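Work through the exercises below with the structure in view. Try each task before you read its solution.

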Amino acid sequence: MPDQPPIALDDVSKAIIEQLQEDGRRSYAAIGKAVGLSEAAVRQRVQRLTDSGVMQIVAVTDPVQVGFKRQAMIGIRCTGDSYALSEELSAIDAIDYVVLTAGSFDIVVEVVCEDDEQLLQILNKQIRSLDGVTSTETLVYLKLVKQQYNWGTR
């Protein structure tokens, strides 16, 4: 994901985003009432916001409730082009989060799997086997205490 300059959002677009962060199923008519636009105008703005990549409207599940009993954060140290390696890691289905970092690790990924056996397979066969990976450190989640996506807008 290349760096892109932030898109300038007006107060109405920010208000629409905040409405959807409270309830992603809120109707365009209800959002329109809250922000002072017609349903059609809200629909157009939401379409522009999603097309531009500013936001996504998705259902967020509890991984444990849908059969994924093991989650882990994996710190990866590498040699060579960490951006190229991050692209390879992004192609692995079980990895849902990839970030280039500074500090002890070059890349940090989050893995969501069915069980420890699948985690072991992902670590050994898909991550550690990639060219450039020199070491990994796995932090297994024992309990997810907080996860939210409602940081709002500036």
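**Exercise 1: Helix α3**

Task: Find what covers the buried residues of α3, then work out how those residues are arranged.

Solution: 
- Step 1. The model is predicted. The cover over the buried residues of α3 includes α1 (11–22) and α2 (28–35).
- Step 2. List the buried residues of α3: Val42, Arg45, Val46 and Leu49.
- Step 3. Around the axis they cover an arc of only 100°, so they lie on the same side of α3.
- Step 4. Turn to the other side of α3. Gln44, Arg48 and Asp51 are exposed there.

**Exercise 2: Span of α3**

Solution: 
- Step 1. Look past the helix. Gly53 follows α3 and has a positive phi, near 85°.

**Exercise 3: Strand β3**

Task: Decide whether β3 is largely enclosed, and find its partners.

Solution: 
- Step 1. Seven of the seven residues of β3 (residues 107–113) are buried, so the rest of the structure largely encloses this strand.
- Step 2. Check both faces. Ile107, Val109, Val111 and Cys113 are buried on one side, and Val108, Glu110 and Val112 on the other.
- Step 3. β1 (residues 70–78) pairs antiparallel with β3 over seven bridges. Arg70 stands opposite Cys113.
- Step 4. β2 (residues 95–100) runs antiparallel to β3, joined by five bridges. Here Val99 stands opposite Val108.
- Step 5. Six residues separate β2 and β3 in a hairpin. Gly103, in the turn, has a positive phi of about 120°.

Note on methods: Residues numbered from 1 in each chain as written. Predicted model: local features only at pLDDT ≥ 70, side-chain atom pairs only at ≥ 80, totals over all residues. Heavy atoms only, no water. Buried < 20%, exposed > 50% of the residue type's maximum accessible area, 1.4 Å probe, protein only. Helix = DSSP H or I, 4+ residues; strand = E, 2+ residues; numbered from the N terminus. Pairing = 2+ DSSP bridges. Arc of directions from axis to C-beta. Contact = heavy atoms within 4.5 Å.
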